[in-house]
Amino acid sequence: MSTPTTSARIFLIRHGETDWITGGKFASRTDVPLSTMGERDVRLVRERLVAENEMINPAGVAKIYCSPRINARRTAEILRLGTRNHLHFLDRETGQTFETESQIEGDTADANIHVTKWLEEWDFGDYEGLTLQSIKDARMKKFGSPTWDIWREGCPGGESPQQVTVRVDELIAEIKSVIEANSATWPGGQMDSHRSQHAQDIVCVAHGHILAAMAIRWVGLSLDTGTMRLIFEPGGVGVLGFEHDNIKQPAIVVGRKPGRSDRML
C-alpha cells in the first residue's frame, strides 16, 4: 500500500439509519440499533469511499473516534477502519478495551477505536424520543409559540449550546494535536498538513447534531450565531481540512472529487 501524501483531513461520518430516525424521533441517550436499511447504507459507504485510491484511505488514518452509542459503534465496525483481525474499542473514560467477535481485515496506525463521550449526541433532555411535531405542540402549550432553535436555546433537561461547545472544542484540540505531531514546519512558522509522510487523517463516527456542531466549531464559529446550518444524512460523510494545507487555517471541504487520494485537495 502506498504512503499517504494527501493533506490531513477529518472525516465526519454519521451512523446509518435507525427506526427512530425513520419515525422522526430525537435520540441522544437512548441506544437505538441500526436498522437493516442502516447497515446496508453503511456498507455502501465502505464499498464506495473506503479504499487506497478513494476518499478514505485506510493507510492514511491516524486515529478513529466513536460515540458510545450502539449505532455509532456498529457503523465503525461495518466501515472496517482501524482493524487488525479483531476490531478493538478503547473506552476513553474507563480505560477498558473490548473487541468484536468477528474477524475483520484492515490496517491503520492506531488499532484502537477511541470510544468517547465527546462524540455523544447533543443531549435532547426532555425532548428525547419525541418527534419535531410533538416538540412544537409541547412548546405551544407551554410558551404560546411552537418555535424552537436548538442552536440558540438547547434542550430543557438536556444540553445548552455552550455545554456542547465545551466538549466539542476539547475533541478538536486533541485532533489538532494529533495532526500537528505528524506535520512539518516550514520557514516562517507555517505548519503544513501536507508535507508529512505519516498517517494524518482522523475519522469521527457519531450523530447528526454533534457532527454538525463539530464542523461549525472547527472553523471557529459560535453554535448560536444562526449563520450556519449543516445537515448530516444517516450514513453521510463530511470532510474537514485546511486551506492551503495550513493548520492555522481550518476549513470545511464542501466539494471534493472522488478517487485519487494521493492528490492534494
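Lys176 lies over the face of Trp218, 5.2 Å from the ring centre, where a charge sits over a ring if NZ of Lys or CZ of Arg is within 6 Å of the ring centre and within 35 degrees of the ring normal. This is a predicted model, in which local features need pLDDT of at least 70 and side-chain atom pairs count only at pLDDT 80 or more, while totals for chains, interfaces and linings use all residues. Residues are numbered from 1 along each chain as its sequence is written, and side-chain values use heavy atoms, with hydrogens and water left out.

The chain comprises seven helices and ten strands, taken as DSSP runs numbered from the N terminus (helices H or I, at least four residues; strands E, at least two).

The structure also holds five aromatic pairs, a pair being rings of Phe, Tyr and Trp (its six-membered ring) with centres within 6.5 Å, stacked if the planes are under 30 degrees apart, edge-to-face if over 60 and tilted otherwise. The rings of Phe26 and Phe124 have centres 5.0 Å apart and planes at 85°, so they are edge-to-face. Phe26 belongs to the loop between helix 1 (19–22) and helix 2 (36–49), and Phe124, 98 residues away, to the loop between strand 5 and helix 4. Phe124 is buried at 2% relative accessibility (buried means under 20% relative accessible area, exposed over 50%, partly exposed in between, with a 1.4 Å probe and protein chains only). Ring pairs join Phe26, Phe124, Tyr127 and Trp148 into a cluster.

Gly125 is in the loop between strand 5 (112–115) and helix 4 (132–143), and is buried at 8% relative accessible area.
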